[in-house]
Amino acid sequence: MAQGTRTWTELIGLTAARCGCALSGDDATQVAFLLNSAARQLYLENPWWERFLVLEPRTVERGYVSYSEDSFNVYGAGTNEVNGLYVRNGDDGGFPKYTKYGDDGVSALFNIRTTELGEHELEDATGLDFYSASGSGSTVPPESGWSAQSGESPAPRVQALSEIGEYIGHWNGKKWSGANPTMGTAYPDQNGIRVTDSSQDIVYMAFKKSFNTTYGDGTSGTTSDVPSEWFEFMAYSAARSFMQSQRQSDSYQPIAISEVERVREQALLKINRQGIYKTIAQRFRTYYNQDVSIH
């Protein structure tokens, strides 16, 4: 499934067309809430939305994986040794520092730090600079834009860990990298995700990341890019709900629920057509989560 997007302006336009009326003032505010409710409904509907699927290393502390973690996953570097999990290790010169540790969980192998000039450097324990990224006006390491120094090309991706929304599975090593890691078991409680079968400091975890986006015109913390696979359902669902709330007026004719269900099914069927069920869902089946359904 391509992770394309449509604009909020397009979505409002289509919703207004479905309603057969212009949307402004309180009506536009109400429809915005309904559109976001429809997006949340689809997110909760299924764990296999491609844009929300994540496989990344996570820290195990006292037997638990936290739902959120201030760490970075470095991958794709030509110098393979630098790839892996970098966890927050205090500050260096007033800026956050992140460290990749050895198998003993104590020996610092590589660090990501920010210099006084705002440059970002990935270096070994001796200070040898392997990769760097120019200052981005932020103390947070950028995901892209890194270049090789003493490290081999290509430069890595440096990706902040995502917040876990729904746990799917975990392994004691990197999945699908030529090795054959062992799948583990876990269960959630108030302290996080309890890993029951591993004494390791790091596990590779598959999960659906949290959905914390509010769609809108791009102001007040909203995001104007709307997932294309949700676009039609959001418009149909919001239009129907809005028209039902206005049914005391003869000018509003509600959309049939069958039409809303039809576009919902179209969105969900894209997961089947992409083969996500066969290639990912069945492989991520765990004792914790046996649900590999599309609906």
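**Close-up 1. Glu61 and Arg62 in the predicted model.** In this predicted model, Glu61 is exposed, with a relative accessible area of 52%. Glu61 forms a salt bridge with Arg62, and the closest N and O atoms of the pair are 3.4 Å apart. Arg62 also counts as exposed, at 74% relative accessibility. Arg62 is found in the loop between β2 and β3, the latter spanning residues 64-65. The backbone of Arg62 has a phi near 55°, which is a positive value in a residue other than glycine.

**Close-up 2. The salt bridge of Arg51 with Glu229.** The closest N and O atoms of Arg51 and Glu229 are 2.8 Å apart, and the two residues form a salt bridge. Arg51 lies in the loop between α2 (25-45) and β2 (53-59), and Glu229 in the loop between β16 (225-227) and α3, so the pair ties together parts that are 178 residues apart in sequence. Arg51 is buried, because its relative accessible area of 16% falls under the limit of 20%. Glu229 is buried too, with a relative accessible area of 5%.

**Close-up 3. The salt bridge of Arg88 with Asp91.** The side chains of Arg88 and Asp91 meet in a salt bridge, with 2.7 Å from N to O. Arg88 counts as partly exposed, at 35% relative accessibility. Asp91 is likewise partly exposed, with a value of 49%; residues count as exposed only over 50%.

**Close-up 4. A network of salt bridges.** Three residues, Glu56, Arg58 and Glu69, are linked in a network of salt bridges. For the model, the count of salt bridges comes to 12.

**Close-up 5. Helix α1 against helix α3.** Helix α1 covers residues 8-19 and helix α3 covers residues 231-245; their axes come within 9 Å and cross at roughly 45°. The two helices are therefore oblique to each other. The crossing in which α1 passes α3 is right-handed. On the side of α1, the contact is made by Glu10, Leu11, Leu14, Thr15, Arg18 and Cys19. On the side of α3, Phe231, Glu232, Met234, Ala235, Tyr236, Ala238, Ala239, Phe242 and Met243 take part. The residues of this contact of α1 with α3 divide into 11 nonpolar, one polar and three charged.

**Close-up 6. Helix α2 against helix α3.** The axes of α2 and α3 are 8 Å apart, and the helices pack at an angle of about 130°. That angle makes α2 oblique to α3. The crossing of α2 and α3 is right-handed. From α2, the contact includes Asp27, Gln30, Val31, Leu34, Leu35, Ala38, Ala39, Gln41 and Leu42. From α3, it includes Phe233, Met234, Ala235, Ser237, Ala238, Ser241, Phe242 and Ser245. The residues of the contact of α2 with α3 divide into 11 nonpolar, five polar and one charged. Met234, Ala235, Ala238 and Phe242 of α3 are listed both in this contact and in the contact with α1.

**Close-up 7. The cis peptide bond at Pro154.** Ser153 and Pro154 are joined by a cis peptide bond, with omega about 5°. Pro154 has its place in the loop between β10 (146-148) and β11 (157-160).

**Close-up 8. Ser220 and its positive phi.** Ser220 is not a glycine, yet its phi is positive, at about 55°. This residue lies in the loop between β15 (202-209) and β16. Ser220 counts as exposed, at 78% relative accessibility.

**Close-up 9. Glu166 and Leu44.** Glu166 lies in strand β12, which covers residues 164-171. Glu166 is partly exposed, with a relative accessible area of 28%. In sequence, Glu166 and Leu44 are 122 residues apart, while in space the C-alpha to C-alpha distance between them is 9.7 Å.

Key: Residues are numbered from 1 along each chain as its sequence is written. This is a predicted model: local features need pLDDT of at least 70, side-chain atom pairs count only at pLDDT 80 or more; totals for chains, interfaces and linings use all residues. Side-chain values use heavy atoms; hydrogens and water are left out. Helices (H or I, at least four residues) and strands (E, at least two) are DSSP runs, numbered from the N terminus. Buried means under 20% relative accessible area, exposed over 50%, partly exposed in between (1.4 Å probe, protein chains only). Axes are lines fitted to C-alpha atoms, for helices over the stretch in contact, and angles run from 0 to 180 degrees between N-to-C directions. Angles under 35 degrees count as roughly parallel, over 145 as roughly antiparallel, 65 to 115 as roughly perpendicular and the rest as oblique. A crossing is left-handed if the near helix is turned anticlockwise from the far one by less than a right angle, and right-handed if clockwise. Contact means heavy atoms within 4.5 Å. Ala, Val, Leu, Ile, Met, Phe, Trp, Tyr, Cys and Pro count as nonpolar, Asp, Glu, Lys and Arg as charged, and the others, Gly among them, as polar. A salt bridge is a side-chain nitrogen of Lys or Arg within 4 Å of a carboxyl oxygen of Asp or Glu.
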